[in-house]
Amino acid sequence: MGASPWRVWRQVDLPIVGRAMLVAAAFAFAISMGEFGATALVARPEFPTMPVVIYRFLGQPGALNYGQALAMSTLLMLVCALGIVLMSESG
């Protein structure tokens with residue numbers, strides 16, 4: 001009724017699809033974090049993902065590397081848990 005396309009998208013479309021987009025993004029992020037096999041093949045060395053970094057830490061000897069792998073694993077669990085919480089609250 002005379003509103004600009006941006007205003008229509010922001011006030012009509014976004015409230016309708018906003019929660020679904022948030023759930024889809026969180027789910028895609030959580031799934032991609034857990035896909036180590038595919039990630040190990042396509043990840044660039046300068047931009048490693050969290051699972052690849054954990055694998056690298058565990059592949060090196062020493063208590064410091066082991067501790068860093070455990071810390072990174074904890075961060076990975078927190079990120080995935082946050083995504084799941086956001087999905088369950090928006091549904």
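Rings of Phe, Tyr and Trp (for Trp, the six-membered ring) are taken to pair if their centres lie within 6.5 Å, with planes under 30 degrees apart counted as stacked, over 60 as edge-to-face and the rest as tilted. The model examined here is predicted, so that local features require pLDDT of at least 70 and side-chain atom pairs pLDDT 80 or more, whereas totals for chains, interfaces and linings use all residues. Residues are numbered from 1 along each chain as its sequence is written, and side-chain values use heavy atoms, with hydrogens and water left out.

The structure holds 1 aromatic pair. Trp 6 and Trp 9 form this stacked pair, at 5.5 Å centre to centre and with 20 degrees between the planes. Both lie in helix α1 (residues 5-34), and because they are 3 residues apart they are separated by about one helical turn. Trp 6, at 54% relative accessibility, is exposed, while Trp 9, at 37%, is partly exposed (buried means under 20% relative accessible area, exposed over 50%, partly exposed in between, with a 1.4 Å probe and protein chains only).

Helices are DSSP runs (H or I, at least four residues), numbered from the N terminus.

Note on methods:
Helices (H or I, at least four residues) and strands (E, at least two) are DSSP runs, numbered from the N terminus.
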